[in-house]
Amino acid sequence: MTSKPITSPVPVEWYPSLSVLMLSIGLVLTASFFIYEATSSKPSRSLSKEITIGVVASFFLGFGSLCLLLATGVYV
Amino acid sequence: MEEGPLRRALILVLVVFSLLSAMGSSSSSSPSPQDVRVLSAERRIDLTSFIVRVFLTLKVENTGASDVSEILIAFSPNEVQHLSIVKASAVAGKRKKKAYLSLDVNPVELAKGPNGAQLFSIALLSPLKSSETTVVEVLYVLTHSQEPFPAEISQSESQYVYYRDSALLLSPYHIGEQRTFIKTPNTKVESYTSVNPSSRVGTEIKYGPYHDRAPYSYSPIVVHFENNHPFAVVEELMREVEISHWGNVQITEHYKLVHAGARHKGVFSRVEYQARPSISGPSSFKHLLARLPPRVHSVYYRDEIGNISSSHLRSDSLKSELELEPRYPLFGGWKATFVIGYGLPLQDFLFESSDGQHYLNLTFGCPLLETVVDRLTIKVVLPEGSKDPSVSVPFPVKQHYETTYSYLDVVGRKTLVLIKENVAPEHNVPFEVYYKFNSFFMLAEPLMLQAWRKICVFGEVFAFNFTKSQEQKKRDKTARNSHCSSDASFDFPELQSNRLGCLAEEANEKEIKKLHLDGVRDSSWRRGERS
């Protein structure tokens, strides 16, 4: 019976670096989201731009926190 | 006469009944014991460890007319209670090119020998033709068969045990010639039952040869000898295997270890134990060796109190050896409870079979060397979202399913629980667990984390947009206080400029007032200065 071993989708050695990278990008985007909120006035704000930055930031933060959990040994 | 037909009917019924019973007995699958004859039997009993291993070589001849497809071996009721595993193999080839092919051994449920002897049937690879011979090798393992006598010893005494067996091999067949060799761990044998001809040379006791014994002949013997081998018995072992498709198999093992030899009586003197280690506590043990797979990481060894630091891990490319030292040496009757955990890389154990199923290839049994487990429970926790789990184990186990809740779980993980009693090191063979898993479900975890973050984002968006900020509130307040605010100005832009002008005027007024107040203050200060 031919059987091939199953490995993780991403090499395990990359988890710590990936987590740092993704979390930093996510935090930068979150910061830009807050800056946008703080510096723009009510009429000039566009909901679509807010949501885009928010979604992209949460995407990176989500993957980054998952990689952080995996890098520390909590294999979820 | 009326009796005539009745009598004829009765005779007919009797004849039919006897024919049926004759047919029934002749069509039974197991051959009658008289068909097979054991030409020679050699039994080697290994008593060097506390686990008794018996190697049996049978040369069997088919003396009947029909083909024989199975060979029966018998065990006494006492042996059956302590029997851990029976393995049989057929020898193919001669001398240097011997190949051992394993045969299936199954207990025979229906038939039993005299005095409650239990029969096991070995299925031959090809049926044995009439007047042909074949050689079958059987290995069986008995646990808890060495009874410590005296039952209680002090710290410096050696441990002596009884081993009870029979000089004659218990068999449902007629045995032509048989020999039994018993190997003891050292030459200190207190006594052994002598059944002519029997002799003892060094560490080996020889019983035999005995010629032409009837089936089920039994001659009990007792050997009383010294055995200081560590009697490490794990009363209960719970192994939990958690599979994560992100790259790790985490195994946690909970042990309840006991020294099953002669019980320790009296005082334990640590001074005596450490001052003269060679003669103090000869039957005690303080090291345990566990054999783990290679590439193991994050090994921990702890108990209820906390971490136990007296351990060593040595690994090479083929295996890892974990040497454990419990907090105290174990004397007879003493117990130790601890937990071992380690992680293994996923690609060594999880494979994808050709029909798309995932299967986990694990070693059954206890990683501790030379230990007996009274009750072993293995829990395999499959990843969330797995379907259709099934298991293939080479020996009978009890199994059922459970649900375990672990990290980031919504519906719970399906868990397969296998329970086996009386496990010997011969049970350390690989077994497989099959299940179906859609890799897409792995994304569920990061998506859950992202969903939490998106909720935060949307909360912030909501907070910023749909509630009034501080600035807005202040502007509203000033607008309420001034007299020239009117909602109509928002609908009519031309009125906007009016409102702005009005506000500007108001602001100007406020400025003038402020300047005036400042001027007053100023002048009063000047007045103050002058005066």
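**Strand pairing in chain B**

I looked up strand 26 (residues 358-363) of chain B and found that strand 31 (residues 430-436) of chain B pairs with it, antiparallel, over six bridges. This is a predicted model: local features need pLDDT of at least 70, side-chain atom pairs count only at pLDDT 80 or more, and totals for chains, interfaces and linings use all residues.

My strands (E, at least two residues) and helices (H or I, at least four) are DSSP runs, numbered from the N terminus. Two strands pair if DSSP finds at least two bridges between them.

Which residue of strand 31 stands opposite B:Y359? I found B:Y434 there. Strand 31 of chain B is also joined to strand 28 (residues 387-392) of chain B, antiparallel, by four bridges. In that pairing I noted B:V391 opposite B:V433.

**Pairing across the chains**

I then checked strand 1 of chain A. A:K4 has B:E352 as its bridge partner.

**The A-B contact**

I counted 32 residues from chain A and 32 residues from chain B in the contact, taking contact as heavy atoms within 4.5 Å. The chains bury about 3000 Å² between them, 69% of it on carbon and sulfur atoms. Buried area here is the accessible area (1.4 Å probe) lost by two parts on being put together, summed over both.

How many salt bridges are there between chain A and chain B? I found zero, with the cut-off at a Lys or Arg side-chain nitrogen within 4 Å of an Asp or Glu carboxyl oxygen. Two residue pairs are in polar contact, both at pLDDT 80 or more.

Strand 1 (4-5), helix 1 (15-39) and helix 2 (47-71) of chain A each supply at least two residues of the side that touches chain B. Helix 2 of chain A gives the largest share, 13 residues.

**B:T184**

I placed B:T184 in the loop between strand 12 (174-183) and strand 13 (189-192) of chain B. Is B:T184 buried or exposed? I log B:T184 as buried because its relative accessibility is 1%, and buried means under 20% (1.4 Å probe, protein chains only). Its side chain reaches the backbone oxygen of B:N186 at 2.9 Å. Leaving out residues up to four places away in sequence, B:T184 touches B:T48, B:V189, B:T203, B:I205 and B:F225.

A polar contact is a pair of N or O atoms within 3.5 Å; within protein, one must be able to donate a hydrogen and the other to accept it, and residues adjacent in sequence count only if both atoms are side-chain atoms.

Note on methods:
Residues are numbered from 1 along each chain as its sequence is written. Chains are lettered from A and ligands numbered from 1 in the order in which they are written. Side-chain values use heavy atoms; hydrogens and water are left out. Buried means under 20% relative accessible area, exposed over 50%, partly exposed in between (1.4 Å probe, protein chains only).
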